[in-house]
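Welcome to this short tour!

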Amino acid sequence: MISLLPVEGLPEVAAGDDLAALISAAASLASGDVVVVAQKVVSKAEGRVVRLADVEASPEAIELAAGEVDPREIEVILSESGRIVRSRPPFIVSETRHGLICASAGVDHSNSGEDDVLILLPEDPDASARRLREGLRTLTGVEVAVIVTDSFGRPFRMGTTDVAIGVAGLAPIRDLRGTQDRDGRVLRSTLIAVADELASAADLARGKESGVPVVIVRGFPLEGDGSARDLVMPRERSLFD
């Protein structure tokens with residue numbers, strides 16, 4: 001049986017905070033747990049924040065803002081984008097430097113603590129997950145997996161769901177190709193995005209408005225290792241890009 005355990009009592013995270021120490025002090029971890037952490041607290045701890053007062057909007061940003069949003073916010077989105085995939089000013093879908101395709105390059109001002117502060121994605125979410133996993137191992141002596149999550153929209157579907165943008169300590173995809181279904185048919189293309197499923201399950205337990213950034217998933221069988229980059233669809237295979 002899988003259990004979802006929100007970690008209560010974490011303080012507001014600021015740049016330079018030891019996230020592993022905060023989590024280990026607030027949660028009783030067991031070997032085999034999956035520690036699912038919202039991207040925003042990872043980014044805050046890593047100092048991945050920008051003040052709009054420090055940003056100057058380019059002509060491109062002013063045009064894309066379309067008079068509806070602060071063009072300085074668009075400038076930050078452009079700086080975090082490797083390329084623009086689609087735009088309908090002021091809305092932008094871009095590919096980040098990590099290869100993630102998402103709205104606004106993952107730049108967000110919700111739960112930033114201040115009106116003029118934007119939160120960016122971690123520089124390398126997989127590396128963030130690995131560091132957090134190593135820190136938890138050092139502090140607690142237990143082996144856990146770590147997933148860093150963010151909320152993404154999906155083509156042709158309303159609403160957002162949390163997905164894994166950083167992974168350490170588990171295989172993010174379960175590959176069933178070559179196995180048989182219950183009728184004996186060979187599966188040819190079935191890949192289960194288990195890291196994304198764990199991210200979404202944890203988000204249900206956390207709740208968007210709860211202010212709880214960490215959930216422990218207990219009872220899920222850990223297998224293998226990998227990175228969230230394994231979950232990114234190669235451009236040559238994408239039908240939506």
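We will visit a helix, the nonpolar cores, a pocket and a cavity, in that order. Keep in mind that this is a predicted model.

**Stop 1: helix α6**

Select residues 194-206, which form helix α6. These 13 residues reach 18 Å from the first C-alpha to the last, close to the 18 Å expected at 1.5 Å a residue. Now show the side chains of V194, A195, L198, A199, A202, D203 and R206: in α6, these are buried. Look at how the numbers are spaced. An α-helix has 3.6 residues a turn, so residues three or four places apart point the same way.

What covers the buried residues of α6? Colour β2 (34-38), β8 (145-154) and β9 (157-168), which are among the covering elements. β10 (174-175), β11 (191-192) and β12 (214-218) also belong to that cover.

**Stop 2: the nonpolar cores**

Next, select L19, I23, V35, V37, L132, L136 and V214. Within the largest nonpolar core, which has 29 residues, these touch the most other members. Two or more residues of this core come from each of α1 (19-26), β2, α2, α5 (125-140), β8, β9 and β12.

Zoom in on L132. Leaving aside residues up to four places away in sequence, L132 touches L19, A20, I23, V37 and V146. Then move to V76, I77, L78 and A105, which are included in a second, separate core of 15 residues.

**Stop 3: the second largest pocket**

Select A38, K40, N111, G211 and P213. Of the 24 residues lining the second largest pocket, these lie nearest its centre. The volume of this pocket is about 490 Å³.

Which element gives the largest share of the lining of this pocket? That is α2, with four residues; you can find α2 at 39-45. The helix from our first stop returns here too: α2, β8 and α6 each supply at least two lining residues. Colour the lining by class and you will see seven nonpolar, eight polar and nine charged residues.

**Stop 4: a cavity**

Rolling a probe the size of a water molecule over the atoms shows where empty space is left. In the whole structure, a search finds one cavity of 30 Å³ or more. The largest cavity has a volume of about 50 Å³.

Key: Residues are numbered from 1 along each chain as its sequence is written. This is a predicted model: local features need pLDDT of at least 70, side-chain atom pairs count only at pLDDT 80 or more; totals for chains, interfaces and linings use all residues. Side-chain values use heavy atoms; hydrogens and water are left out. The expected span of a helix is 1.5 Å times one less than its number of residues. Buried means under 20% relative accessible area, exposed over 50%, partly exposed in between (1.4 Å probe, protein chains only). Contact means heavy atoms within 4.5 Å. On a 1 Å grid over the protein atoms alone, a cavity is a set of points where a 1.4 Å probe fits but cannot get out, and a pocket is an open set with protein on both sides within 12 Å along at least five of seven lines; lining residues have an atom within 4 Å of a point. Grid points are joined across faces, edges and corners, and a volume is the space filled by probe spheres set on the points. Ala, Val, Leu, Ile, Met, Phe, Trp, Tyr, Cys and Pro count as nonpolar, Asp, Glu, Lys and Arg as charged, and the others, Gly among them, as polar. A nonpolar core is a set of buried Ala, Val, Leu, Ile, Met, Phe, Trp, Tyr and Cys residues joined through side-chain atoms within 4.5 Å.
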